[in-house]
Amino acid sequence: MREPVNRTILLFDIERFSRRDDVVQAVLRRTFHKIVDQTLEAAGVEATQQYREDRGDGLIVLLSGDVAKTVLLRSLLTTTPELLHEHNLLASDSAQMRLRIVLAAGEVAHDPHAGTTGGLVGHDLNLACRLLDAEVLRSALAERRDEHCVLAVSAPVYEGVVRHGHRGVRPELFRRADVTVKDGVLPAWIHRGAAPDRASGGEGEAVRDSGSSVTPAPAPAPTIAQPSAPAGVPASAGVPAAGGVPAPAAAPQERPAGAVFHFHGAPVIHGSLVGGDQNGVSGGQVTGDVVLGGTRAEDGSADGSRS
């Protein structure tokens, strides 16, 4: 067995892979490997800096120590979801793909044997695999129906990289989740998948101002036309409606300020009638006949009031 060396451990697993038929599984595997290739390329990882083991519905990737974890994290948080979105946008329901992803670090040894593949040995690798298979990570992905993947990081990655808030890596978007494993409790941090809403007062975001509220003004009540009262009957009195039943009297209305004219009979107005506020009129003059009530006689005089 070769001596163990410190590696960045990157694990992937396809959700509900075994529930698909063989044809769909083959299609998913081809697309899955392309997504992993493009994710690592976006992080600047070269072929000589990685070792892979195919697990059918998943993949183990070991990266050398000279691969920056900050760059890898940014690629996992941006490139991988975008590639999955593009695939799922065009894929049928049976070929939809969602991933559980774990990023860890630790000592790993390689113990190859002739005629076989694999042979990775290491306690840190075992813990990362248990985290990938943990129910808390499966539940996190199941609850996020609008997202394409979920990412968890181990304690060494969180303490050494995430919590320092490097560019593109926001520690407030990771929540701690204690995972029970055979050896005890394994601490991990799961990425929330989206920035907290500013209105929710999430950590690192402005808290919504709750000191005041604005209530919209009520819409004005519709005006209902009332039947005219007969001559000599006060306007406030109820007017019989169809069927002889008196209609309810109209509620008293506030009168506008200014001049008010009451017309009885059949008024005839010649010229201009000025009433109420006359905005913008300064020193104006109104000429002509204004007849209030009565009728005009043959001689031109008016039976009523002239102004």
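Is Cys-149 buried or exposed? Cys-149 is buried, at a relative accessible area of 12%; here buried means under 20%, exposed over 50% and partly exposed in between, with a 1.4 Å probe and protein chains only. The model is predicted, so to speak a computed one: local features need pLDDT of at least 70, side-chain atom pairs count only at pLDDT 80 or more, and totals for chains, interfaces and linings use all residues. Residues are numbered from 1 along each chain as its sequence is written, and side-chain values use heavy atoms, with hydrogens and water left out.

**Exercise 1. Find the aromatic pairs and classify them.**

Step 1: take the rings of Phe, Tyr and Trp (its six-membered ring) and pair them if their centres lie within 6.5 Å; planes under 30 degrees apart are stacked, over 60 edge-to-face and the rest tilted. This gives 2 aromatic pairs.
Step 2: Phe-12 and Phe-32 lie 6.0 Å centre to centre with 75° between the planes, an edge-to-face pair. Phe-12 sits in strand 1 (residues 5–14) and Phe-32 in helix 1 (residues 22–42), 20 residues apart; helices (H or I, at least four residues) and strands (E, at least two) are DSSP runs numbered from the N terminus. Phe-12 is buried at 3%, and Phe-32 is buried at 1%.
Step 3: Tyr-158 and Trp-189 have ring centres 4.2 Å apart and planes at 5°, so this pair is stacked. Tyr-158 belongs to helix 5 (residues 155–160) and Trp-189 to strand 8 (residues 184–191), 31 residues apart. Tyr-158 is buried at 14%, and so is Trp-189 at 8%.

**Exercise 2. Describe the largest nonpolar core.**

Step 1: join buried Ala, Val, Leu, Ile, Met, Phe, Trp, Tyr and Cys residues through side-chain atoms within 4.5 Å. The largest core has 38 residues, and Leu-10, Phe-12, Leu-99, Leu-103 and Val-153 touch the most other members.
Step 2: helix 1 gives the largest share of this core, 6 residues.
Step 3: look around Leu-103. Leaving aside neighbours within four places in sequence, its contacts (heavy atoms within 4.5 Å) include Leu-10, Leu-72, Leu-76 and Val-153.
Step 4: a second, separate core of 25 residues includes Leu-11, Leu-131, Leu-132 and Ala-152.
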